[in-house]
Amino acid sequence: MTQALDEIKIGGLGVSRKRVEDDRFIRGKGNYTDDITLPGMLHMEILRSPLAHARIKSIDASRAWDIPGVHLVLTGDMMATRNLAWMPTLSYDTQAVLATDKVRFQGQEVACVIADDPYIAKDACEAIEVDYEPLPVIVNPKQAVAEGAPVIRDDKENQADNVIYHWEVGDAAGTDRAFEQADVISRLQLHYPRSHPSPIECCGSIADFNRATSKLTVYMTTQAPHIIRAAVALVAELPEHMIRIISPDIGGGFGNKVPVYPGYVCSILASILLERPVKWIEDKTGNLISTGFARDIYLDGEMALRQDGKILGVRMRCDADHGAFFSDAQPSKFKIGLLHSTFAAYDIPAAHLRARGTYSNKAPGGVAYRCSFRVTEAMFFQERMMQAAADDLGMDQAAFRRMNFVRDEDFPHRTPFGFLLDSGQYRKCLDVGLKAVGYEDFRKRQEEARAKGRLLGLGISTMTEPLGAGNSREYDILGIKMFDSAELKVHMTGKAIVRTGARTQGQGHETTWAQIVSHELGIPAEDVVVEEGDTDTAPFGMGTYASRSTPVAGAAVAMVARKIRAKARRLAAHLLEVSEEDIEWELGRFYVRSAPDRGVTIQECAMAAYSNMPDGMEPGLENTAYYDPPNLTWPFACYIVTVEVDPATGVWDVLTTVAVDDCGVRINPMIVEGQIMGGLTEAYAMASMQFITFDAEGNCIGSNYMDYLLPTAWETPGFELHSEVVTPCPHHPIGAKGIGECAAVGGPAAFVNAVIDALSGTGVRNIDMPLLPDRVWEALTYRRDISGAPPVATDD
Amino acid sequence: MTVVYDDLGDGVEEGAVPVRRIRFTINGRKKIAEVEPRLLLSHLIRRGLGLTGTHMGCDTTNCGACTVQVDGKPVKSCTMLAVQVDGHEITTVEGLAMQGAGGPGGVLHPLQEGFKEEHGLQCGFCTPGMMMAAKALLDENPDPTEEDVRWALSGNLCRCTGYQNIVKSVLWAAAKLRSQSPDTPDGSQP
Amino acid sequence: MYPSRFRYEAPHSLDEAIGLLHGGGDNAKVLAGGQSLVPLMKLRFASPELVVDINNLPGLDYHRAGPDGTLHVGALCRHADLERSALLKSTQPTMAAAAPLIADPIVRNRGTLVGSLCHADPQGDWASVVLALGGSVVARGPGGTRTIPVAEFVSGPFQNVLEPDEIVVEAVIPAANGARAGGYLKLERRVGDFATVGVAVAVETSGDTVTRAGIALTGVGGSTIGATAAADALAGRPLTAESIGRAADLAAEAARPRTDHRGSAEYKRHMVRTFVTRILGRVEPAEERAA
């Protein structure tokens, strides 16, 4: 007779446990970087370039030094004497810390001031005089490769032009053959506009170098503290064991807080020079104009189609604009991230992808913003091409997708770009979505409405995406493999602490990792405390981004809990005086198989680990696991959006948003749903209003919240979420696949497809995001596609 | 707070700037402060008073993370000068609990409970501002619709939640406050 | 994020305030709501040497109708007061339509209508509303009081005709000659956005005839645009589809929009036309409207 605990009661898997982290946040007792004050702390502000491309003729900081309260003014040449004017990036390029010869984008860091308070530091920044000599500006890939284009990276030996890389994958010859056999070729050219993760909290650091101990402690808004420690050791040439990176509470990351930013480096140097803590908190303008942006990539895509709708081949050419430095955090083997995961959900015989990256006079970046390493681009391009192809064939959008899906019985399935998919129920997800939105009925209403001049539209986006990077054979960042880790210590009273190499920024790890431990060991979740973010105490990990935490760190939590359970089993055998073979486990308890009433709880085992060990056993009940994921995980999503477009104004309203997410086992359904809704909102934002653009002089439009538009509660639609379809991941210890970015990846195409669908019959095949009212109106009124980012002011 | 200047002799006080003395109430406690006119209210709250629950997220008065109450009305504290609260009352998120049932200290306001119940926060950065804005709504309208809530919060940005659970959190709090109206036996204040 | 240094005064009487401005020279600013001034100071686009805070001046937070039907809005009347105003909802349809669209709900608790007019932002919403209604501002200085029609008040982007030592104490909307109708439509991409296009329409009718009309445009030129020809096309005749169409066309012609990241000039003109048509299309026949 079982005396197992009720997993729901103790907060195990599948429980919508209320969040542990909420207790401090709702009281205003969060501990974000700017909340921290250290004794003797000084404040740093950065002076930024107003010009996008200019030679620096001189910098005169003498008036800044004279301002009372100023302790240090750092300029590029001061950094250069310490070999710190340039630093390596996570993509094997170099990036300026403070400009020396030239500024290469508007907003680039030119100098910084450290003063008693930030008001004074700002006064001093204003007193620094910089003499610039403007240079011609490049703001897109076409200009970057045009004849006679100035070389932006003339600091690099052997850089004769503005091209960063060429990269290709797939079977060019096989794809060409597929196109020769096609009945229909569908072509689409898209621009995924430049966007920015823009968490509400900006980036910042407090660097604290202690001369007495030679230890450097840096509090930093970082999603990957161990990567930062390695980078600081490299850049600042300080010994790694004397560097401590602490990531306190983070007010949103979304990939913005992975790269190493010049502000961090300057604050560290300043602290070393001044031997006092130095705090740098950027403002929103600094964040938007200089930190890791996202997207800004052009597609020329083609699909080879058979008349009945079977996709024979896909060919894609992508041009990625990386800004002034190639600084993306992404697996080093793939120059364009995991863009080649595109079309993974469909059974396609042949495909070829070519990508080129170029420099421009804009802030550096490209891979960020809930993108799973460019998978946002992959799936947006995919679903927009699918939409266009179905229209070109005259086929129903749902039927076209269904017939091309990888079928349930085809797993494992290798994509033409080499990815191995292991599981999924794609058609079922689509069916659930179509039913939820009332597909047949909607199409009828759409027809009736059109007859009356009202424009209703429906957009589908279905995709599977690669999460949980990644296996050590293929994935590394700067050579460091992308495993992750968990350390679990069970104390003598059966309470526990788990630390991982991940770093939550709102995803709820303090709640969910405890649930995994609860599931594996039967210790109530409330008895398990979770810590992350301090490199002195957390086991080495590669941080939280690209939705990799549940797949990798979460797996490590399960694995370390199993190591603990294995040792506890031996302790149980010892306590029960039987051999291990006679021991059975049920949640929270070991018992004797032949006498089930004889058992010991996990807590009793824990106590025994400190007080009653068998001979030869090391005391204690603590362990660490490092998890090298065998493969990526492949959640699947079907997003369906319906809209109505006002033909007189181009304004469109969302009627319904249905989301069917199959992310395998859900640790905490409430948290999973929160992630999906957040992602859908970002999808809606990108589709409707969010963008950064530049004028011909490289002036950035979108460097503050007046121009970079985030939707409020008023514009944001409601969401209908479905969790009926659960296909556990076959290789993940608890069958979970990860979810953090799915809706941001798959969502935008659903919104755009819906508006394009509302315009069907006008011949409009594409409106590039953002689908602002004026762009929709123009497309509708003139029956033409709208390509590229919104234009900037012209005199009329 | 002690302010220390360098003494350069000859009566020169390096770094001294004219300050203004202000008196105000913060979360029910009366205070006096000496501040530069240019000091923003949000910095008085965060740095001068050490109440870091009020956050700063932008530089153009858009995000609302800095929302506090001045004389019971929600205000973006980054867009007020500290000197302007002379003679006024400020309430921050740290004072929210005091206004809940049971008096000062650890008892949460129903809004705080609601945000936890309905998963209305993820990173927590916008949350204090959201709650202060929501409180103003509930003070005026104890039975708001979803639309009322979305309208009232349209000056506060969130990047994590998609707002749907924030709306549910506020409606949860409204329902709890209504059930706790002065007519109920425990006599708790809404 | 951090303003430059300045001197600050918080007078308790209007005379004191005027005296401070008089002594303050050209580089003094009045602080009322602060929702436009403080952001500019934080970005250091404005660095006044002296800030005169008028929030302690008594008796300026009113809005009321005079016995003759004139509406008076005091210098410290907040947008939120106007948004909640039963008086506006029942007697001032154009203003009542605009009030909820100013900035966002929290900013509306501090910002003031008078402050908005004085700030003279070409994308300010109230300026169009007050212009369409033929309103004025009342300015007080050392030499006394003067009334300045809003049509003559703005001299350029962010510039008004006030002397450095004058303070606007109230805005005045003249009494209606007939039943009021109208509205304000604003194309904003999200709450708190500046208008891509804003249109204020205010008409007064007596029987079937439009006795007075005003149309003003936000965001489609270097300043607020009074579409006088469009308004003239409505006055002295009934509102018909034809007269509405004519007014809409003339209003679109009066607009001087730029093509920029908010839209093409053509689109903005089209929106002017659309908004004029929609506002006037909602005007009910006189006999169905409450007096």
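How many residues of chain C are in contact with chain B, and how many of chain B with chain C?

**Figure 1. The contact between chain C and chain B.** In this predicted model, 32 residues of chain C meet 32 residues of chain B. Together the two chains bury about 2,800 Å², and carbon and sulfur atoms account for 59% of that area. On the side of chain C, the residues that lose the most area to chain B are Arg5(C), Tyr8(C) and Ile106(C), which together make up 23% of what that side buries.

**Figure 2. The side of chain C that touches chain B.** Strand S1 (7-9) and helix H2 (37-42) of chain C each contribute at least two residues to this side. The largest share, three residues, is that of H2(C). Sorted by class, the side of chain C that touches chain B comprises 16 nonpolar, five polar and 11 charged residues.

**Figure 3. The two domains of chain B.** The domain assignment divides chain B into domain 1 (20-95) and domain 2 (98-180). Their centres, taken over C-alpha atoms, are separated by 20 Å. Domain 1 of chain B brings 18 residues to the contact and domain 2 of chain B brings 16 residues. The area buried between the domains is about 1,300 Å², with 59% from carbon and sulfur atoms. Of the area that domain 1 buries against domain 2, 34% is supplied by His55(B), Gln69(B) and Val93(B), more than by any other three residues.

**Figure 4. The side of domain 1 of chain B that touches domain 2 of chain B.** Between these domains the count of salt bridges is zero, whereas five residue pairs are in polar contact, both residues at pLDDT 80 or more. The elements that give two or more residues to this side of domain 1 are strand S5 (67-70) and strand S6 (73-76) of chain B. S5(B) provides the largest share, three residues. By class, this side of domain 1 holds six nonpolar, 11 polar and one charged residues.

Terms used
Residues are numbered from 1 along each chain as its sequence is written. Chains are lettered from A and ligands numbered from 1 in the order in which they are written. This is a predicted model: local features need pLDDT of at least 70, side-chain atom pairs count only at pLDDT 80 or more; totals for chains, interfaces and linings use all residues. Side-chain values use heavy atoms; hydrogens and water are left out. Domain bounds come from an automatic or database domain assignment. Contact means heavy atoms within 4.5 Å. Buried area is the accessible area (1.4 Å probe) that two parts lose on being put together, summed over both. A salt bridge is a side-chain nitrogen of Lys or Arg within 4 Å of a carboxyl oxygen of Asp or Glu. A polar contact is a pair of N or O atoms within 3.5 Å; within protein, one must be able to donate a hydrogen and the other to accept it, and residues adjacent in sequence count only if both atoms are side-chain atoms. Helices (H or I, at least four residues) and strands (E, at least two) are DSSP runs, numbered from the N terminus. Ala, Val, Leu, Ile, Met, Phe, Trp, Tyr, Cys and Pro count as nonpolar, Asp, Glu, Lys and Arg as charged, and the others, Gly among them, as polar.
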